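Reader: Hello! Could you take me on a close look at the nonpolar core of this protein, and then at its nonpolar surface?

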Amino acid sequence: MVVEEIIVMAQKREQTLQQVPVAVSVVTAETLDRSQVLDMKDLQFIVPSLRVTQLQTTGNTNFIIRGFGNGANNAGIEPSVGVFVDGVYRSRSASALSDLPNLERIEVLRGPQSTLFGKNASAGIINIVTAKPDLDSFSGSTSLTLGDYNQVLVKGDITGPLTDTMAFSLSGSVNSRDGYYTNLVDGEEYGERNRWGVRGQFLLVPTDNLEFRFIADYDEIDEMCCGVANLVDGPTGNAIRHPLIGGDLVENAPFAYENYYDFNPENKIDNSGLSMQIDYDFAVARLTSITAYRTQSRFENSDVDFTSAELISVNSGDTDIDTLTEELRLTSTGGDKLDWMIGGYFFDEQVRISNVLNYGNDFRTYADLLSGFGVTALENGIGLPAGTFFAAGQGNFESAGQDDQAYSIFGQVDWHMTDRATLTLGANYTSDEKDAFVNMTNTDVFSSLNFVQIGFAQIFGALTGLPPTPANIAANPAAAAQAQALSTIPCPGTPAPACNPVLGLQPLQFLPPFLGYPNSVESGNSSDSDTTWTVRLAFDATDDINIYLGAGTGFKATSWNLSRDSRPFAADMAAISAAGLGLNNLVPGTRYAGPEEAMLYEIGIKGNFSTGAINIAIFDQEIDGFQSNIFTGTGFSLANAGKQSTTGAEMDLTWLPVDAFEFTFSGTWLDAEYDSFPGASGVGGPTDLSGTSVPGVHPFSMNTSGTYNFDLGASMTGFIRAEYVFDKKVQVIENVPEDVASREVSTVNASLGLQWDNGFEAMLWGRNLSNDEYILQAFPSVAQAGSYSGYPNEPRTYGVTFRVLFD
């Protein structure tokens, strides 16, 4: 038995997997079916260098390759890992989370790919290739999957010719499943599946050298996601459970798969798109045009305190994204000494966001309990009506958006210096301009107070017995100076004038006043450009072994913070004050994270033999200005890490010792480090993480599988497949202690299938049969200092799939 030759489009031209001098993993449609991989989240269990982490909502999902990746929790942050479906860029991870359509293969390109794929490929590419309509004959399939948690999944596809020059295909799926994470308040289950999608294609080949491919797709997700566990119940837990509130949480139990919530989450995502690809063959080159328009509508609402106390009544986000893209490239065909490609790419996107965060009925009592009823005492002390602070319904009402226009010009040349040696040179110039805005109405009275001023008034009055009027301050300069000095010294519960008795309430100012932009100081505009390049030398050592050396760069443009956590840069604070834009409690932060620039050095070897294939890559990769976005307990901190680097090795092995058995091994060894990251969000607050290992990046990951094919009589065949997935233990994230949240994966998946000559198939499958338990991600609990929360993985699932093929 010979290993099947796999064709890839890793360099936007058809090449065999063993020929292309790029680190790329390919997953075929057969492997996806036999592994019961339904969506992008499951793909990571086959490709060790890929990690897909789902956070507090369905749409907040990160794609990570070789330890690099971001893009969740803020629509202004585009991913570092680009996702393409049939050549069309999906600009946000939420647009690539639906169940996979009728596929041909998935290619995962590891390392910077900006030369051919543009601005948001600094970490890598996921290239999804669907099956084209069939011009020759009709065929199709229909399948039914029944699984535990009452799963019912129905899929179908059909393709065939309409005339000698026209063909079509139509595919669709409906997937429903109960959740596995219980809300103990009302019994609802989180982690459910409730999604459907449809995809249609039309192929027109009017002449031998001209082809049109039209694609339309639509999918919906409407699910309750995601279950959040309490990892550490800190001092705030007693306030949550206090009789005045009566809330509850399942404490210190990461894998109980149950908790208390006062309202259930909503996750609604609608994706749709139209694309047209035109290919025209000249005598020496092919001209390709890919035009696409995509829309995404996303609504989310979740109980972010993750308890049954009514601390937050609404935390909703409504996001609409419209994206227009055009790619035009000319690719040589049939070259002898030179293969070349030149092209251009245009990107135009509009993002509009409406967010609401409101306090619930219990927040006032919660704040009083945390402060020893200091909130009520302050309210009374400064003469405000009862119930002014933290009233239910107070909060933030945000409107934000971004207009993004970018273009790229790129080219690549493969010079076949000899029959065995090829030199590849490529370059890409990208320009990206963004106009962003955030406006906000803030009705949180408590967070608008200046406690230094209030404390000054109390201390001055205690020292002099006088109110702090301008005349009294001028007449008592020594007392005023003393009061000013003492007003910055907190001492909860200590009476003035020893220090400021109200300054200890500052940590409860969760929603401080917000300065919108653009304004007279901050333009809200960024304009970035960069030239990326690729150099590779490939050499066929023998007819079966290819060795390559390569270096290349990647680029990702500025990401704007389109959220309530956006703050002016420290350098702009003086100008903001001079312009009369200053607000109480306005502190510096970041409006955006600047561009990422990646650098890669790589050496690889690819071998293809009669009984197997092996691919090895050894690399050193770094990203200057890596865009980090970490939740700190009350908001997200968006900042550039000075430099993050990863040195590592990857190996993909396929071995067929006999015709009936196939063994695969994929392993990744990574040594990831923050070379420079001052001001990072660490355990307990800001810190310098320079020289430390990057959390969340496993030092070793592997996937190994064995598939045995067998015959049962003249009309029946079958297979049995087992997979083992392992990730070595690692701290999950830098601002949660390792002994609280670390992750080690040891998972077994398996399937058993039978196929009959009449086209009927049946497959019994199980995922995470070892019922492995681990934390996907963790964070400081929302407005609960000293507590930590996390997302547990999905438990064991199993089921049976029936499929009928027809032609």
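Author: Happy to! Let's start inside. The largest nonpolar core has 43 residues, and Phe-363, Leu-378, Phe-390, Phe-446, Phe-451 and Leu-508 touch the most other members. A nonpolar core here is a set of buried Ala, Val, Leu, Ile, Met, Phe, Trp, Tyr and Cys residues joined through side-chain atoms within 4.5 Å; buried means under 20% relative accessible area, exposed over 50%, and partly exposed in between (1.4 Å probe, protein chains only). Two or more residues each come from helices H4 (236–241), H5 (363–370), H6 (374–381) and H7 (451–464) and from strand E22 (338–359). H5 gives the largest share, four residues. Helices (H or I, at least four residues) and strands (E, at least two) are DSSP runs, numbered from the N terminus.

Now pick out Phe-446. Leaving aside neighbours within four places in sequence, Phe-446 is in contact (heavy atoms within 4.5 Å) with Val-375, Leu-378, Phe-389, Phe-390, Phe-451, Leu-505, Leu-508 and Gln-509. Apart from this core lies another, of 38 residues, including Ile-126, Tyr-674, Leu-689 and Val-694.

Leu-144 counts as partly exposed because its relative accessibility is 32%.

A word on the basis: this is a predicted model, where local features need pLDDT of at least 70 and side-chain atom pairs count only at pLDDT 80 or more, while totals for chains, interfaces and linings use all residues. Residues are numbered from 1 along each chain as its sequence is written, and side-chain values use heavy atoms, leaving out hydrogens and water.
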